[in-house]
Every structure is written in structure tokens, then in C-alpha cells.
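I set out to record what I looked up in this structure, entry by entry.

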Amino acid sequence: METAIAYRVKGRLEEVRARLVEALKEEGFGVLSEIPISEVLRARAGVEMEPYLVLGACNPQLARRALEADRRAGVLLPCNLVLRQVEEEVEVLLQNPLAFFPLLPDLPEGVAREALDRLQRAVGRLEG
């Protein structure tokens with residue numbers, strides 16, 4: 001099973017980021033963290049790369065359900081999404097919660113499935 005699911009969206013990273021954050025809100029997710037990997041690598045390691053951003057998104061209701069079932073679920077939170085500029089498109093990678101389901105056998109599959117469905121709907125809004 002793939003650990004990440006890839007999409008391609010026309011546009012620039014900042015514009016796609018703004019649209020994605022709004023689409024995630026519509027699915028009950030908030031963005032808890034933003035890590036501008038390309039900027040960090042440039043500043044701290046002198047490495048140049050394409051614009052690359054990691055978003056940490058969390059749906060509080062899903063997180064609560066996961067943590068109630070298995071406190072170890074916190075190692076899988078938040079759900080990470082990657083935005084990477086590739087020429088005139090942005091590659092959006094979303095973490096596949098179902099891929100990590102076997103790591104925590106007490107976690108109800110329904111939580112992982114619902115998280116994936118909501119993430120996919122949010123990213124799907126970018127393509128339209």
C-alpha cells in the first residue's frame with residue numbers, strides 16, 4: 001500500500017497552498033504546522049531545491065477518536081501533506097492514513113478511512 005498519494009494541480013505553490021488550506025477547513029481540518037523545507041535547507045545547509053512545503057493538518061474529531069482507541073496514535077498526527085513546485089504545476093502528496101493502520105492494531109479502520117476520504121475530497125477540490 002502506498003504511504004503517499006500524489007496529485008498534480010496547475011498553479012504556483014503559494015496560490016495552491018491557500019486554496020488547499022481552505023479546502024481542508026471545509027473537511028474539518030486545521031493546519032497546525034507549515035515547514036518550508038526548501039527555505040530551511042537553503043538557510044541551514046546551503047542547499048537549493050524547488051519550492052517544497054510540508055503542511056501538518058489535523059481534524060480534531062478524528063484525532064480524538066484515534067487517541068481514545070490507542071494513545072500511540074499521536075505518532076501519526078498530524079496528517080502531513082507536501083506541496084512541491086514542478087514547473088507550472090504543484091505536486092500535492094498526502095499521507096495515506098490506511099498505510100499506517102497496521103502499525104496500531106487497536107485503531108479503528110473507520111478513523112483512517114474517514115481521514116483519507118476527507119483529505120482526498122479536499123485535494124480533489126483543487127483540481128476542479
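**The model.** I note that this is a predicted model, in which local features need pLDDT of at least 70 and side-chain atom pairs count only at pLDDT 80 or more, while totals for chains, interfaces and linings use all residues. Residues are numbered from 1 along each chain as its sequence is written, and side-chain values use heavy atoms, with hydrogens and water left out.

**Helix pair.** Two packed helices are described by the angle between their axes and the distance between the axes. I looked up helix α3 (residues 60-69) and helix α5 (residues 109-127), which pack at an angle of about 160° with axes 10 Å apart. Helices (H or I, at least four residues) and strands (E, at least two) are DSSP runs, numbered from the N terminus. The axes are lines fitted to C-alpha atoms, for helices over the stretch in contact, and angles run from 0 to 180 degrees between N-to-C directions. The helices α3 and α5 are therefore roughly antiparallel; angles over 145 degrees count as such, those under 35 as roughly parallel, 65 to 115 as roughly perpendicular and the rest as oblique.

Which residues make the contact? I found Leu62, Arg65 and Ala66 on α3, and Gly110, Val111, Glu114, Ala115 and Arg118 on α5, where contact means heavy atoms within 4.5 Å. By class, this contact of α3 with α5 has four nonpolar, one polar and three charged residues. Ala, Val, Leu, Ile, Met, Phe, Trp, Tyr, Cys and Pro count as nonpolar, Asp, Glu, Lys and Arg as charged, and the others, Gly among them, as polar.

**Salt bridges.** A salt bridge is a side-chain nitrogen of Lys or Arg within 4 Å of a carboxyl oxygen of Asp or Glu. By this rule I record 16 salt bridges.

I looked at Lys10 and Glu89, whose closest N and O atoms are 3.8 Å apart in a salt bridge. Lys10 lies in strand β1 (residues 4-10) and Glu89 in strand β5 (residues 89-95), so the pair ties together parts that are 79 residues apart in sequence. Lys10 counts as exposed at 61% relative accessibility, whereas Glu89 counts as partly exposed at 22%. Buried means under 20% relative accessible area, exposed over 50%, and partly exposed in between (1.4 Å probe, protein chains only).

I then checked Arg84 and Glu50, which form a salt bridge of 3.2 Å, N to O. Arg84 is in strand β4 (residues 79-86) and Glu50 in the loop between α2 (37-45) and β3 (52-58), 34 residues apart.

Asp70 and Arg72 also meet in a salt bridge, at 2.8 Å from N to O. Is Asp70 buried or exposed? Asp70 counts as buried at 5% relative accessibility, while Arg72 is partly exposed at 45%.

**Backbone.** I found a cis peptide bond from Leu77 to Pro78, with omega near -5°. Pro78 lies in the loop between α3 and β4. Glu87, in the loop between β4 and β5, has phi near 55°, a positive value in a residue other than glycine. Glu87 is exposed, with a relative accessible area of 70%.

**Start of the chain.** Met1 is in the segment before β1 and is exposed at 73%. Not counting residues up to four places away in sequence, I list Asn96, Leu98 and Ala99 as touched by Met1.
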